Amino acid sequence: MLEYFFRRVVTLFFTLVFASIIIFVSLEIIPGDPASYMLGINAQEDTVIALKKELGLDKPKFERYLIWVKGMLIGDFGVSYTYRSPVIEMVGERLWVSLPLAIYALLLSTIIALPVGIFAAANRGKILDFSIMGFTQIGIAIPNFWFAMLLVYLFAIILRWFSAGGFAGWEDGIILGLKSLTLPAIALALPQASILARVMRSSLIDILSEDFMKTARAKGLSFKKALISHGIRNALIPVLTIIGLQFSFLMAGAIIIENVFFLPGLGRLIFQSIAQRDIIVVESVIMLLVFSVVLVTFIVDIAYVIVDPRLRSSIL
Amino acid sequence: MNLIKVNNLNLSIHEKEILKGLSFEGKAGEILGIIGESGSGKSMTANSIIKLLPFGSSVTGEIILQNKNLLETSEEEMCTIRGRDIGFIFQEPMTALNPLKTIGEQVSEVIRIHKKINKFDALNSAATILDRVGLPQTDFPSTRYPFELSGGQRQRVVIAMAIAIKPKLIIADEPSTALDVTTQAKLIKLLKKLVIEDNICLIMITHDLSVIAEMADKIIIMRNGEIVERGKINILKNGLKNDYSKNLLKASNYKSKNLNKKISNQTLLKVDNISRHYSDNSFRFFGEKKVFKAVKNVSFSINYNENVGLVGESGCGKSTITRAILGLDPIINGKIILEGDEIKASNVSKNIRKKLQVVFQDPYGSFNPRHNVLKLISEPLYLEQSQISDYEKLNIVKELLERVGLNAEDHKKFIHEFSGGQRQRIAIARSLILKPKLIILDEAVSALDVSIRAQILDLLVELSESYGLSYLFISHDLSLVKSITSRVLVMKSGQIVESGNTKDIFNSPSHAYTKSLIASSPNLESSLRRLT
């Protein structure tokens, strides 16, 4: 077990190193020089050089890479070229929106999807199953920004239960903060829940035809009890994989939804920074996202081992 | 007093008649054998009794268990009857247990469903029951997971669940079919012991007459959903009336026509000191790689016109040898030589492929379902040097189809239109088309019903005589090898432990393992002799 854990950690480390190189190199290739962008087209040659020096852009590329990585290791992500404030502060603020939003959406999608998938599998082939599958098909097909706009129209404009956008912040209480994240979270969760419900359903249907389910019935368990105590945990293994992938997507893929709801999240930060050639911010945020993806994969790997004793023994 | 009485049981699934007017009964302390080939409805009979039937089933008649008609019992009440009054043992021990729960949890669950008992006490009684079926806590603690046990041990866990709260009726659906012969012998002994000790009525469902002859008191023989023969076990000896059951008995006791061919003294295939190890390929920081030695320094040879048997239980390395000879899997040392050419996994020449063919256990899985029989059989012809016209191909295939006992016009059909036995005939036709020197028969008849199996064995004997073929006949079943080979190799844990003339080995085995294999393989003849 310890070795498995250790091996996962090493994999995690190398993935991060590899990702940091890719990110650094690809942003170097992008045309556009931050210094000249900041100073505008009429800037003097020597001012640009001076600014470059100030920003540390005159140093050799390899050295800049090392400085960047070294900084991240000690928690110093550098200073934004445009806003002249530490990247860590900017990211920190945004993270307090994006992370809760991702978790909120993931919880919503899991809480809705698993029971729906289980219910559909248990009623396989009946009208209920068909209607659920139909709805999830729609859920996957609808673009989520459009769904977001529908939500705003219904709940913010007609019913006036939620505000149409913006973020209330956490200072005035968790409830208020959560309230302003609710519509975006629903919009994000819908397609995810649809996918997850379908995965849960097909995975459980596979399990239901397994011999051990018949054994469970022959022991005297009712269909429902057999489903709960023998079916679900077995069906959960492929579902875990999808949940892991979805979290990564929710962290990084919320750019459009953040824009629809005017949320000051990471997605919008990246978007703005790219437009302003604020490379140091882009690099750091992407690195952070990569880190979260890798971390979630790591957690999913560990979760497999907890769920499945066969894996536990093969790694001992 | 009958414990269970089935009266005029009819079952249809989606309007299709599966069981027709079955009636039989069983007493406590009695073993009732239900015998039938695939499709006879024997498993559906078992499923009807516990009322776990597929969607769209409709049942009529009476199933009376301890004065209660199960067919009129609600599903809710059935849940209290299953497990408590009826125990069930399944065919596939590898998949009958939940992989994520320990064996203790799974056995104790039966107790907790039917009795008010706390988890700890239930686990304790589970341990006692596991001990009773031959899984003592010292060697098999109840915290083990199913994947940590072998097939035979898992089947013991399934039996433990079935007997956990001493039901009066136990239904066993082919409980030993998927197991090796030595394991099977032990399980049969265990079941017989439990029947006597707990005064159980055991309904034993099987296709294997030799298994039933060793244990049953009464038998029913089924065909196409009907009972064609019934009576005390000794009717097997000289009381069978129905033609089908007579044929079944004859096929089970099958002896192929005696091999009558002159074995050449020239070597066709030489397997010289080969080994194959498998290691897990994962990268490790600590410790050495685990290496599994599947085949260890195995040598043997096959002469022209000779049939050699290779016998061993699952996991002994038989399949690894097949793969090595076919050049599908590299060997780590040694040589395999066919007519002077070395077979190397990296590069198997067309010339070698032409001389060497294989027939696998599962004929269906080895055919592309989208090709017609003409294409399936003629496919190996691409190995021929010269181009063969379509007309010629068709004629060759037609001739072969007739040669293996099928209709020449079957070449237009697709594989799903054939039965298991017919598919195996097609597989044999495909292996013959290049006129090979050696055919490897890898459990080629193991999955077939006995009556079909007898026919295929006859065909194989006949073909080997008329084409001058050599066979490497691989099987876990000694009795099959006996009839078709002149020499046999016995394999255990990757090594050949004994080899020699087939008759000599059967009459006087010298290695302890061979002895136990012969002793435990169910022998219909000797069982019948014991019957009065």
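**Figure 1. The two domains of chain B.** The domain assignment of chain B gives domain 1 (4-252) and domain 2 (267-503); such bounds come from an automatic or database domain assignment. This is a predicted model, in which local features need pLDDT of at least 70 and side-chain atom pairs count only at pLDDT 80 or more, while totals for chains, interfaces and linings use all residues. Residues are numbered from 1 along each chain as its sequence is written, and chains are lettered from A and ligands numbered from 1 in the order in which they are written. Taken over C-alpha atoms, the centres of domain 1 and domain 2 of chain B are separated by 36 Å. Their contact takes 9 residues from domain 1 of chain B and 7 residues from domain 2 of chain B, two residues being in contact if their C-beta atoms, placed from the backbone, lie within 7 Å. On the side of domain 1 of chain B that touches domain 2, helix H9 (residues 243-252) of chain B gives the most, with 4 residues. Helices (H or I, at least four residues) and strands (E, at least two) are DSSP runs, numbered from the N terminus. That side of domain 1 of chain B divides into 2 nonpolar, 5 polar and 2 charged residues. Here Ala, Val, Leu, Ile, Met, Phe, Trp, Tyr, Cys and Pro count as nonpolar, Asp, Glu, Lys and Arg as charged, and the others, Gly among them, as polar.

**Figure 2. An open sheet of 4 strands in chain B, with a helix packed on the sheet****.** The strand order is S2-S1-S4-S5 (chain B), and the pairing is antiparallel; two strands pair if DSSP finds at least two bridges between them. Strand S2 (16-26) and strand S5 (68-69) of chain B stand at the edges with a single partner strand each, so one side of each has no neighbour in the sheet. Strand S1 (residues 4-13) of chain B pairs with S2(B) over 7 bridges. One residue of S2(B), B:Glu25, is the bridge partner of B:Lys5. Helix H1 (residues 42-49) of chain B packs on the sheet, where it touches S1, S2 and strand S4 (57-65) of chain B. The direction of H1 of chain B makes about 70° with that of S2(B); axes are lines fitted to C-alpha atoms, for helices over the stretch in contact, and angles run from 0 to 180 degrees between N-to-C directions.

**Figure 3. A mixed open sheet of 6 strands in chain B****.** The strands follow the order S6-S7-S8-S3-S9-S10 (chain B). At the edges stand strand S6 (86-89) and strand S10 (226-232) of chain B, each with a single partner strand, so one side of each is left without a neighbour in the sheet. Neighbouring strands of this sheet are turned by 15° against each other on average, direction ignored. Strand S3 (residues 31-35) and strand S9 (residues 218-223) of chain B run parallel and are joined by 4 bridges. B:Ile34 stands opposite B:Ile220 in S9(B).

Figure 4. B:Ile159 is buried, with 27 other C-beta atoms within 10 Å. A residue is buried if 20 or more other C-beta atoms lie within 10 Å of its own, exposed if 12 or fewer, and partly exposed in between, with C-beta atoms placed from the backbone. Leaving aside neighbours within four places in sequence, B:Ile159 is in contact with B:Ile89, B:Val133 and B:Leu190. The C-alpha atom of B:Ile159 is separated by 9.2 Å from that of B:Pro175, 16 residues apart along the chain.

**Figure 5. Parallel strands S16 and S17 of chain B****.** Strand S16 (residues 356-359) of chain B is joined by 4 bridges to strand S17 (residues 438-442) of chain B. B:Ile440 in S17(B) is the bridge partner of B:Val358. From S16(B), B:Leu356 and B:Val358 point one way and B:Gln357 and B:Val359 the other way, and all are buried.

**Figure 6. Packing of helices H12 and H13 in chain A****.** Helix H12 (residues 266-275) and helix H13 (residues 279-307) of chain A pack at an angle of about 150°, and their axes are 8 Å apart. In H12(A), A:Leu266, A:Leu269, A:Ile270, A:Ser273 and A:Ile274 meet A:Val281, A:Val282 and A:Val285 in H13(A). The residues of this contact divide into 7 nonpolar, 1 polar and no charged.
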